[in-house]
Amino acid sequence: MVRIQKTPDPPQVLVLPSDAAASIKVAEIFDQAVRENPEIVLGLATGGTPVGCYRELVRRHREEGLSFASVTSFNLDEYVGLPPDHPQSFRHFMQTKLFDHLDIESARTHVPNGMASDLASHAAAYEQAIRQVGGIELQLLGIGHNGHIAFNEPGASFDSRTRVVDLTETTIESNARFFDRPDEVPRTAITMGIGTILEAKRIVLLATGKDKSEAVRLSIEGAVHTDHPASLLRTHPDVTFVLDAPAASGLSG
Ligand code: PGA
């Protein structure tokens, strides 16, 4: 296991009073970035955490003229074996929570295809597609209870790229809440790597709720170590942790 020796700069940490306020803050960051560069390439995330942020972006699109007409997006990950229209697939999540309600062009939205017949080639092509558009300018992340970012579980290497990974039992348990039965949760996923994520020019990690406080504390105040993937973000020059007060409650100062 690799311990990163570089002394990291402290990341920017914004603490908002509530989940709603933290979600609006992240939406504001994305709103500003899209208005500054209407052709921006965004990195997007799924899970329970970004739902409020996506709702706010949809509101801003409807009520405040925020347009995604020239935006390109790449999602972090997808379950292997779920078709795009499966209710628990991340493609389906993105369509129903965000894309269907925006003016974004469908062809410019990218989510890894968990049904690709050759997943390794698909992963390589995904990396290539990101490179072809000049890289991701602004990447949204959540964090798992075990410190994972995207589906990069503890131990994932610093320079990992988009690939197929096994999910850990804790991730499978935590995601079981979205499925009818725990045995329906896929065991593998295709995910951008840590190396892929760290190439984004700017990264915003949103974490809400007391249950994330220990994962957040280790990310910001613990060792920069592959045992806790989110801690590796501290080697990035432009990362912001946006937290609600409960998620920030484990931080020392
Ligand atoms: P969550 O997942 O937003 O559903 O808590 C976050 C993650 O696992 O990255």
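Is Y79 buried or exposed, and what is its relative accessible area? Y79 is buried, at 2%; buried means under 20% relative accessible area, exposed over 50%, and partly exposed in between, for a 1.4 Å probe and protein chains only.

The model is predicted, so local features need pLDDT of at least 70 and side-chain atom pairs count only at pLDDT 80 or more, while totals for chains, interfaces and linings use all residues. Residues are numbered from 1 along each chain as its sequence is written, and side-chain values use heavy atoms, with hydrogens and water left out.

**Aromatic pairs**

Searching the whole structure gives 6 aromatic pairs. Rings of Phe, Tyr and Trp (its six-membered ring) pair if their centres lie within 6.5 Å; planes under 30 degrees apart are stacked, over 60 edge-to-face, and the rest tilted.

**First stop: Y54 and F93**

Select Y54 and F93, an edge-to-face pair with 6.5 Å from centre to centre and 65° between the planes. Y54 belongs to helix α2 (residues 51–64) and F93 to helix α3 (residues 90–97), so the pair links parts of the chain 39 residues apart; helices (H or I, at least four residues) and strands (E, at least two) are DSSP runs, numbered from the N terminus. Y54 has a relative accessible area of 0% and is buried; F93 is also buried, at 14%.

**Second stop: Y79 and F151**

Next, select Y79 and F151, a tilted pair with 5.8 Å between centres and 40° between planes. Y79 lies in strand β4 (residues 77–79), and F151, 72 residues apart from it, lies in the loop between β6 (138–141) and β7 (163–166). F151 is buried, with 4% relative accessibility.
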